[in-house]
Amino acid sequence: MVESTVSDLNIRVQELRQLIQKASYAYYVLDNPIMEDAVYDRLYRELQDIETKHPELITPDSPTQRIGEKPATQFTSVRHNVPLYSLENAFNIDELKNWDARWRRQLPPPSPPLSKGREQSHLLAKGGKSHLLFESGEHLYLLSKGEGAEYVCELKIDGNALALTYENGVLTRGATRGDGVTGEDITQNVRTIRSIPLRLNAEAFGGDVPGRVEVRGETFLPLNIFKQINEERQKAGESLFANPRNATAGTLRQLNPRIVDKRQLDFFAYTLHIPGLDDLAIANTQWEALELLQKMGFKVNPKMKLCSSLQEVADYYDYWDTERLNLPYMTDGVVVKLNSFKLQEQLGFTQKFPRWAVALKYAAEEAPTIVENISVNVGRTGALTPLAEMRPVQLAGTTVSRATLHNGDRIAQLDIRIGDTVIVRKAGEIIPEVVRVLKELRPDGTEAFTMPTNCPVCSQPVVREKDEAVTRCVNASCQAILKGAIEHWVSRDALDIRGMGEKLVHQLVDKSVVHSVADLYDLTPDHLCELERMGKKLAEKIVDAITQSKNQPWHRVLYGLGIRHVGSVTAQTLAEKFPSVEQIADASRAKIEGIYGIGAEIADSIYQWFRIPSNQTLIERLKATGLQLEATEAPVDKSSENDNFVGKNFVITGTLPTLKRDEAKALIQKAGGKVTDSVSKKTDFLVVGEDAGSKLAKAESLGVKTLSETQLLEMLATDVTDD
């Protein structure tokens, strides 16, 4: 018998992979098996045997490579190529209507503007059935069908968001959402999820897969699997998962992918990002993108619906508000998106949310319980927050024993007292809060609760500004404020000092070891060894972590300062505009407020913070420690600039023969050029690859010079200078 050649085996390997991929798609995505399990197992074993004997034939997208052999030692942070924005929430139909009215007001007027009145009938006649006319404010919009005010409704799956990256059709990275800008690389675990393809179906793109494809979606645990996992954990004497979402999050962060594979996570895709998607002309709407995702090999939620009016959206929401109880997975609302990508592009984003989408949440689960005490917590900004301490109650899958009462005004409004029976719920299904008091069940002899006039921690008088509902302690030496400031400083999004937990921070403050965040950098292992349950080895690790935090970038330090209203995203924006502490400290209110996304209240808070003498002293002390109080990006290398590029605007379209778009962009920028997304009169050059679309046509109409990749590289190699 003649032994098969490697070439013959390679052909057989390709056949086996295609058959197995087709069978997996039918089973895990379509829920419609096309072959018996025994047949699938035989094909899989044949592929496995060939790859074992010929490891040179193994590729990353092979079905045998779904589960890694070695557990990960840790997860690394990765920056998302496309940010994962969170969604604005609406909690009833009235709030949905407010969102709808808001995006219509924010929509830029058409150019040229379309007038109302007599021309309306003319426009309708001109548009015919292929166009849609809709009204917003003082303007009329005439758009192609599918570009108008249509809405795509999808069930909001209660799981964990994933960002998937495919290069040349092969899955190369899977990452958690994280803060939306940076997540954790969990590619090994993502590969175990059978409803996520390792290779995209090229037929979805007519046989030519784009160089990079970004897919967003939600991974989740089906309810039957969740029940099975908890039953197994109970038998093993392990703690139970509170709900499927927590179980999903815990599973994704398992270091051993074999455990992840055993948990049988599932995945629904809901968003598609392809550089130059408009050039490809394969999806102009969210609905078309969902259909394309299916063709690519993904599972999308089959309950999605295309609605032509807000009333249809409301009907969809009302239907699933009750029917969701019959679904095999958890859902906590409906995601509503404008269907047209053209409208989405025109509306854009706020600092946190896309203006063209909203999460219409279901009413939060509510439960009755009894208030056993009302305490007051002092936060890092000095805010006094009253808390209801209650008999433990199960709420949305978790045990709740404390709920925020917000402030004195809310207490007066509720007239809540110790001993009252109250209804508690989770606001946004996250933060427990008291929604009403059942006064008919109030016991005799209860007394109205009033906010303290002195800080419950330092006993100094508290204040309440006229325009604020919050009562504050203004004693900068208050231990509660100091503890909160240090906990914020060491937190993950700030200086990320590992080992500095709440208990350690409280010990350091209670024993007067530290009096400000700057004191952390004076700590030695000997200082820490004097604390409870602190050995020398652990003390050395913590001091080393504190030292390492000096390498954190400027925007993290700025966030760590704890300036009121300055979150991590705002800190990044500020750090880009003010690349050093001196620049932001010297900036006027007007200059700060002039930054997009920074309002008057934030600007005033920043301006005032840098004028407080104790804060100025803190900055000087932090400088002395060696912390990064200015941006550390490498200065522009003028020697690498090319006179062909300096001051010139470039746009890239289509697929380049050898360079990825990001690589071409980096080369242009390094040479001194600027790369933008759209062609205009200011564009100097359009770099054109294969399958160039509308940008090429626009460039030709404007007389913009076009370049091939070869011509671009020739320009980069030629430095034209004036002698």
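Student: Which element gives the largest share of the lining of the second largest pocket?

Tutor: The largest share comes from α14, with 6 residues. This is a predicted model, in which local features need pLDDT of at least 70 and side-chain atom pairs count only at pLDDT 80 or more, while totals for chains, interfaces and linings use all residues. Residues are numbered from 1 along each chain as its sequence is written, and side-chain values use heavy atoms, with hydrogens and water left out. On a 1 Å grid over the protein atoms alone, a pocket is an open set of points where a 1.4 Å probe fits, with protein on both sides within 12 Å along at least five of seven lines; lining residues have an atom within 4 Å of a point.

Student: Which residues lie nearest the centre of the second largest pocket, and which elements give two or more residues to its lining?

Tutor: Of the 42 lining residues, Arg380, Ile481, Trp609, Ile612 and Asn615 lie nearest the centre. Two or more lining residues come from each of β20 (472-473), α14 (479-490), α22 (600-609) and α23 (613-625). Helices (H or I, at least four residues) and strands (E, at least two) are DSSP runs numbered from the N terminus; the protein has 26 helices and 24 strands.

Student: How is an aromatic pair to be read, and how many does the structure hold?

Tutor: A pair of aromatic rings is described by the distance of the centres and the angle of the planes. Rings of Phe, Tyr and Trp (its six-membered ring) pair if their centres lie within 6.5 Å; planes under 30 degrees apart count as stacked, over 60 as edge-to-face and the rest as tilted. The structure holds 13 such pairs. Phe220 and Phe268 are stacked, because their ring centres are 5.0 Å apart and their planes stand at 25°. This pair links distant parts of the chain, 48 residues apart: Phe220 is in strand β9 (residues 212-220) and Phe268 in strand β10 (residues 266-273).

Student: Are Phe220 and Phe268 buried or exposed?

Tutor: Buried means under 20% relative accessible area, exposed over 50%, and partly exposed in between (1.4 Å probe, protein chains only). Phe220 is buried at 3%, and Phe268 is buried at 6%. Another stacked pair joins Tyr317 and Tyr362, with ring centres 5.5 Å apart and planes at 25°. Tyr317 lies in helix α11 (residues 310-323), whereas Tyr362 lies in the loop between β13 (357-361) and β14 (366-378), 45 residues apart. Both Tyr317 and Tyr362 are buried. Of the 723 residues of the protein, 45% count as buried.
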